[in-house]
Amino acid sequence: MDELRERPGPPWRRWVERAGRGPAWRSALLVAVFTQIGAGWAAHAQSGRVALDGFARLLLLVGPALLVVRHRYPAAVAYGVSVVTLVYVACGYPYGPVFLSLALACFAAVVAGRRRAAWGAVGLLWAGHLLIGHWLYRWLPPDGDGPTPWAQEVGVTAWVLAVLAVSELVRVRREQWARERSERAAAAKRRVDEERLRIARELHDVLAHSISVINVQAGVGLALLDSDPEQARSALTVIKEASKEALGEVRQVLDTLRSPGEAPRTPAPGLDRLPELVEQAAAAGLRVEVTAEGEAPVLPPGVDLAAFRILQEALTNVVRHSGARTARIRLSRRPGLLELCVDDDGPAAGGASDGSGSGLVGMRERAAALGGAVEAGPRPDGGFRVTATLPLPSTAPREDP
């Protein structure tokens, strides 16, 4: 569905989501080229450092080379690049883009969830740089070098914290977006399941009622085919009408399934079709008495459909499972509440019923979806009772009684 389709985010979000997931060798190659070129520029700008030689060039290649496997071994790569960078600094080579490999390695480690490894790697670099700049510089090249200015140490510390802060920000945002995607997927699945359940209930209610009427009338027609052809003809007429109505309602449900964004071609059934339901029950040999209490509000479509389907299923259960030939429907309309009650006096036709059938489950699900409830079970004085309560919006307009 269109509302469930994820809209593309801004370019920076797409970059954050893809960061650390592309081919590792491409970024490693770019870092290697940039490091080699940038180190040459840094050597010209820093005359007091050791000139770049073959070993320096090798160290500038080892760091980016380790980045190729940073997705598979993020912790090991972070520590390895940190050690290579420390060796480079200890040899007295010029500062510069050599730190870029460590920044990328720590970024990959944080994004991969190896935060301790990233913090440990930058902590190792910071401590080693502090040790080299204020103690070991006496025995390390270049000759005559003095202690590192504290301003430079502050700059290194700020650089380390900035790398870690950006890495943590990317990690947090990616986890947040992953949760949002998961929640959207779960919501979409839940909507699909609810729609599938709604369609199953509609098909069950339509087919169970219509087939029950058809079954009863088919039995009547077969029994009277020879002795009373006119009565058999009436039974066949009822079968034709019931099957036509069932096909129409099934087609409406399937059209809704095929075109979920379109409005239904015919209105959903409601309590205005209760007289038809009574006639169909009468055709199946069940006399239905209907009484109404209270004012008649204009029901919302969802409540109207649920009330009709509940009454339809209750009468279908009487026809199929009860020996009674009479049923009573009572409609009670009160402020904010609609009550439905269906009683029959007959014994169960196929054994005792405890109100746990699939049709009753569908009734309960319909009522629960609207915030109501359905109770069903044997009556103390015999027979069976189904009671449903459906809440009504307080703003529902009322017609004149």
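Predicted model: local features only at pLDDT ≥ 70, side-chain atom pairs only at ≥ 80, totals over all residues.
Helix H4 spans residues 74-90. Its 17 residues reach 24 Å from the first C-alpha to the last, close to the 24 Å expected at 1.5 Å a residue. The helix is mostly covered, with twelve of the 17 residues buried. The buried positions are Pro74, Ala75, Val77, Ala78, Val81, Ser82, Val84, Thr85, Leu86, Tyr88, Val89 and Ala90. The cover over these residues includes helix H2 (24-45), helix H3 (54-66), helix H5 (99-111) and H6. After H4 comes Gly92, which has a positive phi near 80°.

Two packed helices are described by the angle between their axes and the distance between the axes. The axis of H4 comes within 8 Å of the axis of helix H6 (residues 115-134), and the crossing angle is roughly 10°. Angles under 35 degrees count as roughly parallel, and H4 and H6 are therefore roughly parallel to each other. On the H4 side, the contact is made by Ala75, Ala78, Tyr79, Ser82, Val83, Thr85, Leu86, Val89 and Ala90. These residues meet Arg116, Ala117, Gly120, Ala121, Leu124, Leu125, Gly128, His129 and Ile132 of H6. By class, the contact comprises twelve nonpolar, five polar and one charged residues.

Side chains of opposite charge can pair when their charged atoms come close. The model contains eleven salt bridges. Two of them lie within helix H7 (residues 150-224). In one, the side chains of Arg171 and Glu168 meet at 2.9 Å, N to O; the two residues are three apart, about one turn of the helix. Arg171 counts as buried because its relative accessibility is 11%, and Glu168 counts as buried because its value is 13%. In the other, Lys189 and Asp193 meet at 3.1 Å, N to O, and are four residues apart, again about one turn of the helix. Lys189 is exposed, with a relative accessible area of 53%, whereas Asp193, at 34%, counts as partly exposed.

A further salt bridge joins the side chains of Asp343 and Arg385 at 2.6 Å, N to O. This pair links distant parts of the chain: Asp343 belongs to strand E3 (residues 337-344) and Arg385 to strand E5 (residues 384-391), 42 residues apart. Asp343 counts as buried at 6% relative accessibility, while Arg385 counts as partly exposed at 36%.

Conventions: Residues numbered from 1 in each chain as written. Heavy atoms only, no water. Axes fitted to C-alpha atoms, helices over the stretch in contact; angles between N-to-C directions. Parallel < 35°, antiparallel > 145°, perpendicular 65-115°, else oblique. Contact = heavy atoms within 4.5 Å. Nonpolar A, V, L, I, M, F, W, Y, C, P; charged D, E, K, R; others polar. Expected span 1.5 Å × (residues − 1). Buried < 20%, exposed > 50% of the residue type's maximum accessible area, 1.4 Å probe, protein only. Salt bridge = Lys/Arg side-chain N within 4 Å of Asp/Glu carboxyl O.
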